[in-house]
Amino acid sequence: MSFKHKHLTSIASLTAEDIMLILDTADSFKEVSGREIKKVPALRGKTVVNLFFEPSTRTRTSFELAAKRLSADVINFSPSASSVVKGETLLDTARNIEAMQADIIVLRHSAAGAADTLARGVKSSVINAGDGWHEHPSQALLDLFTLREKQLTFKGLTVAIVGDIAHSRVARSNIYALTTLGARVRVVGPPTMIPACLDRLGVEIYSDMDRALEDVDAIMMLRLQLERQGRALFPSIREYSRLYCLTPERVRLAKPGAVIMHPGPINRGVEIASEVADSFSSVILDQVTNGVAVRMGILYLLSGAAA
């Protein structure tokens, strides 16, 4: 089966077959990172540009490693040291980059919809590496890859996503991905952090974390998006931690062996207790490792090399 998309700007635009193709392709690249020479020639001669308008460590480094392991040429573009500070628009910046024969542009931007805007204005393939509160497709895909690696079957799986749902692009992409594959999703958080009409996406909404965690197969914790909130949505960090921190006691409410996830960076003692983050059930570091394989799969499929 071939991948019929030129861009990856949203999980919502993918079918279940598209998602499984990406995961299967990533699986075939996973072993490359374990080789002595961590490189294959799949994207030799291609150029990948990382265009990050927001700070990032894991995502940018992961895309850079993925591109290099596929033998692509990689350019990391820093807006703070570019014509963007002189007033150049996103589209003009991207078109100038494209004029240098960029094949794929990986974009992170603070504005929701920026990746779709860019995709409509350039000939290069565009990958959304996070746009405002909207989506973060590759994070959801690596989360699915990690769940599958733990021998979990998506259809009938129950996953609790806990925390700042309203400001989380990771939550949105995971909701789309998990429900598309037949999983049952519970979203948990303070009512002030649950978007209106979220139930239209086919999720169950809880404010009581203890009730929500009963018999779940996986728990996905989210970082508090304090920089995006603009106003206080809960009385204090201490109060939030009391109600929504994942403690060993709360983990025991889930099914035995339930998988513990977090997209990072984690705030220990606020969203998740250290003993839980470092426990045998935690796959937080596996998520980081799998991010490289998944992004290799995405780059490979969008480059047309699989055609």
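Which side chains meet in a salt bridge at 3.1 Å, N to O? Select E54 and R169: that's the pair. (A salt bridge here is a side-chain nitrogen of Lys or Arg within 4 Å of a carboxyl oxygen of Asp or Glu.) E54 sits in the loop between β1 (47-52) and α2 (58-69) and R169 in helix α6 (residues 169-180), so this pair ties together parts 115 residues apart in sequence. Both E54 and R169 are buried (under 20% relative accessible area, with exposed over 50% and partly exposed in between; 1.4 Å probe, protein chains only).

Before moving on, keep in mind that this is a predicted model: local features need pLDDT of at least 70, side-chain atom pairs count only at pLDDT 80 or more, and totals for chains, interfaces and linings use all residues. Residues are numbered from 1 along each chain as its sequence is written, and side-chain values use heavy atoms, leaving out hydrogens and water.

Next, pick E149 and K30, whose side chains form a salt bridge at 2.5 Å, N to O. E149 is in helix α5 and K30 in helix α1, 119 residues apart. (Helices are DSSP runs of H or I, at least four residues, and strands of E, at least two, numbered from the N terminus.)

Now for the inside. Select L299: along with I161, L299 has the most contacts inside the largest nonpolar core, which has 60 residues. (Such a core is a set of buried Ala, Val, Leu, Ile, Met, Phe, Trp, Tyr and Cys residues joined through side-chain atoms within 4.5 Å.) Helix α12 (residues 284-302) gives this core its largest share, seven residues.
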